[in-house]
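Q: I am new to this structure and would like to learn how its features are read, one at a time. Could we go through them slowly, with the general idea coming before the particular case?

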Amino acid sequence: RGTALQPLFKMSYSCSKVGDPRPGQPYKGGNFCAFLPDNKEGLKTAKLLKKAFERGLTFQIKSCNGEERVTWSLIPHKTSWDGGKARNGYPDAQYLREVGAVL
């Protein structure tokens with residue numbers, strides 16, 4: 001197992017906007033952590049994920065039990081360094097290729 005890049009996203013509480021499930025309603029933020037391998041492909045993917053974040057594509061607001069909250073969007077993220085694909089972790093030999101195709 002090698003070293004990892006670990007982007008951390010802090011999403012604060014705010015109000016939703018037009019296009020969200022309930023515009024103008026407050027939503028709950030959170031801390032979101034992802035893992036990428038610290039190698040050439042991981043760095044390339046990190047740059048693409050940064051662009052996606054800057055364009056507002058990384059997160060979405062969903063309603064859960066009557067409460068609006070920030071969740072990951074459709075871009076796959078590895079949220080664990082281990083546990084395999086089934087637990088959003090590594091090892092997953094296809095991940096960088098799959099996320100690159102989405103981005």
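Q: Where is Pro-91 found?
A: Pro-91 is found in the loop between strand 8 and helix 2, the helix of residues 95-102. This is a predicted model, and in it the peptide bond that leads from Tyr-90 to Pro-91 is cis, with omega near 5°.

Q: How do I read the overall order of the elements of the chain?
A: Begin at the N terminus and follow the elements in turn, which gives β-β-β-β-β-β-α-β-β-α, an order made up of two helices and eight strands. Among contacts between residues at least 6 apart in sequence, 51% join residues that are at least 24 apart.

Q: How is a pair of aromatic rings described?
A: Such a pair is described by the distance of the centres and the angle of the planes. In this chain the count comes to seven aromatic pairs. One of them is formed by Phe-32 and Phe-59, a tilted pair with 4.8 Å centre to centre and 55° between the planes. That pair links distant parts of the chain, with Phe-32 in strand 5 (residues 30-33) and Phe-59 in strand 7 (residues 59-64), 27 residues apart. Phe-32 counts as buried because its relative accessibility is 12%, and Phe-59 counts as buried because its relative accessibility is also 12%.

Q: Which ring pair does Phe-59 form with Trp-72?
A: Phe-59 and Trp-72 form a stacked pair, 5.1 Å centre to centre and with 20° between the planes. Here, too, distant parts of the chain are linked, for Phe-59 is in strand 7 and Trp-72 is in strand 8 (residues 67-72), 13 residues apart. Ring pairs join Phe-32, Phe-53, Phe-59 and Trp-72 into a cluster.

Q: What should I look for in strand 7 at Ser-63?
A: Ser-63 lies in strand 7 and is partly exposed, with a relative accessible area of 44%. The C-alpha atoms of Ser-63 and Tyr-27 are separated by 8.9 Å, while the two residues are 36 apart along the chain.

Q: Why do residues three or four places apart in an α-helix point the same way?
A: They do so because an α-helix has 3.6 residues a turn. In helix 1, Gly-42, Thr-45, Leu-49 and Ala-52 are buried. Seen down the axis of helix 1, the buried residues fall within an arc of 75°, so they line one face of the helix. The face turned away from the buried side of helix 1 carries the exposed residues Lys-40, Lys-44, Lys-47, Lys-50 and Glu-54.

Q: How does the span of helix 1 agree with what its 15 residues should give?
A: At 1.5 Å a residue, the 15 residues of helix 1 (residues 40-54) should span 21 Å, and the end C-alpha atoms are 22 Å apart, which agrees.

Key. Residues numbered from 1 in each chain as written. Predicted model: local features only at pLDDT ≥ 70, side-chain atom pairs only at ≥ 80, totals over all residues. Heavy atoms only, no water. Helix = DSSP H or I, 4+ residues; strand = E, 2+ residues; numbered from the N terminus. Contact = heavy atoms within 4.5 Å. Phe/Tyr/Trp six-rings, centres within 6.5 Å; stacked < 30°, edge-to-face > 60°. Buried < 20%, exposed > 50% of the residue type's maximum accessible area, 1.4 Å probe, protein only. Expected span 1.5 Å × (residues − 1). Arc of directions from axis to C-beta.
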